[in-house]
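Here is a walk through one protein model, meant to be read with the structure open beside it.

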Amino acid sequence: MMGSVMFWQPFLPRCDCEQAVAYWEIYDREQEEKRAQEEEAKRRKALQEKVDRLLGKSGIKKRFMQRTFPNFIIDTPGRQKNYQIAKEYADNFARHRERGDGLYIEGTNGTGKTHLAAAIALQLISEGIPVICKTSGDLLLDIRKTFDSSEGVSEGQVLDVYKKVDLLIIDDLGKEQCSDWSMSTLYSILNDRYEDMKPTIVTTNYNREALIKALTPKGCDASKIIAIISRLRETSMVMTMAWTDARQGMAKGGPQ
């Protein structure tokens, strides 16, 4: 006499009636969204840990930790307009990141360019989004340090973080000492981010032509710098902040 074989099913079969099908469609969608959110949280945490390990947090110095949206002075139509652009960008970063949108903030000294860039960084960091916010000079210095690093950190590792972080903010572009190496390094980082649709924010005191001149080493071809600036402007909303320096006549507390 042959015995019967029993198969154990860990889950009961789903009913195929219309009501059950509708229920399970919603259930499956919610579970998929939950898994996606968990994976995104893991990705962010791993990337932030890599940023912390290689660069020491997100690069925002103590002076800029107070430059938040609430304490940005809105006393003119120009400051109001640019505040709204920056706040909208931070509030809707997921959509901007998906499209690879950045911000290109140009203008004169002391008009609030760095304040708005730092405010975006601080809001996103508080939401768990990996951000690097550094001057262009500090960015390049981080990479130079790896040339003589005794800690086993390679140039490639630091470059990789700059290329892959969710948002890269480069403050004061054009103030760094330009060389063929700095030009090629900036091109490598920004071109990779452009091709991967990774958003970048830059602030600069120069207009387009002056920035090309500032970033191009004497006697060198300007084609890489022209390409960098063209791609930044192509993928960014251009914000022009040109008015009287807010730092003139201000009390202690730092520029706005």
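This is a predicted model: local features need pLDDT of at least 70, side-chain atom pairs count only at pLDDT 80 or more; totals for chains, interfaces and linings use all residues.

## Strand 3 and its neighbours

Strand 3 and strand 4 (residues 200-204) run parallel and are paired over three bridges.

Is strand 3 mostly covered or mostly open? Mostly covered: five of its five residues are buried. In a regular strand, side chains alternate between the two faces of the sheet. Here, Leu167, Ile169 and Asp171 point one way, Leu168 and Ile170 point the other way, and all are buried. Note that an aspartate, Asp171, is on that buried list too.

Now zoom out. The open sheet has five strands, in the order 2-3-4-1-5, and the pairing is parallel. Strand 2 (131-135) and strand 5 (236-241) are the edge strands; each has a single partner strand, so one side of each has no neighbour in the sheet. From one strand to the next, the twist averages 10°.

As for the protein around this sheet, it has nine helices and five strands. Along the sequence they follow the pattern α-α-α-β-α-β-α-α-β-α-β-α-α-β. Of the 256 residues in the protein, 41% are buried. Among contacts with a separation of 6 or more, 81% are between residues 24 or more positions apart.

## Two helices side by side

Two packed helices are described by the angle between their axes and the distance between the axes. Helix 5 (residues 136-145) packs with helix 6 (residues 155-164) at an angle of about 150°, and their axes are 8 Å apart. That angle makes helix 5 roughly antiparallel to helix 6, because anything over 145 degrees counts as such.

Which residues make the contact? Helix 5 supplies Asp138, Leu139, Asp142 and Ile143, while helix 6 supplies Glu155, Val158, Leu159 and Tyr162. Sorted by type, the residues of this contact come out as five nonpolar, no polar and three charged.

## An aromatic cluster

How many aromatic pairs does a search of the whole structure find? There are four. A pair of aromatic rings is described by the distance of the centres and the angle of the planes.

| Pair | Centre to centre | Angle between planes | Arrangement |
|---|---|---|---|
| Phe69 and Tyr83 | 5.7 Å | 85° | edge-to-face |
| Phe72 and Tyr83 | 6.1 Å | 20° | stacked |

The Phe69 pair links distant parts of the chain: Phe69 lies in the loop between helix 1 (18-55) and helix 2 (77-91), Tyr83 lies in helix 2, and they are 14 residues apart. The Phe72 pair is also a link between distant parts, with Phe72 in the loop between helix 1 and helix 2, eleven residues from Tyr83 in helix 2.

Put together, Phe69, Phe72 and Tyr83 make up one aromatic cluster. Are its members buried or exposed? The cut-off for buried is under 20% relative accessible area. Phe69 has a relative accessibility of 5%, so Phe69 counts as buried. Phe72 is at 4% and therefore counts as buried too. Tyr83, at 17%, also counts as buried.

## One histidine to look at

Last stop: His96, found in helix 3 (residues 93-99). His96 is buried, with a relative accessible area of 7%. What does His96 touch, not counting residues up to four places away in sequence? Its contacts are Glu88, Tyr89 and Asp101.

Technical notes. Residues are numbered from 1 along each chain as its sequence is written. Side-chain values use heavy atoms; hydrogens and water are left out. Two strands pair if DSSP finds at least two bridges between them. Helices (H or I, at least four residues) and strands (E, at least two) are DSSP runs, numbered from the N terminus. Axes are lines fitted to C-alpha atoms, for helices over the stretch in contact, and angles run from 0 to 180 degrees between N-to-C directions. Angles under 35 degrees count as roughly parallel, over 145 as roughly antiparallel, 65 to 115 as roughly perpendicular and the rest as oblique. Contact means heavy atoms within 4.5 Å. Ala, Val, Leu, Ile, Met, Phe, Trp, Tyr, Cys and Pro count as nonpolar, Asp, Glu, Lys and Arg as charged, and the others, Gly among them, as polar. Rings of Phe, Tyr and Trp (its six-membered ring) pair if their centres lie within 6.5 Å; planes under 30 degrees apart count as stacked, over 60 as edge-to-face and the rest as tilted. Buried means under 20% relative accessible area, exposed over 50%, partly exposed in between (1.4 Å probe, protein chains only).
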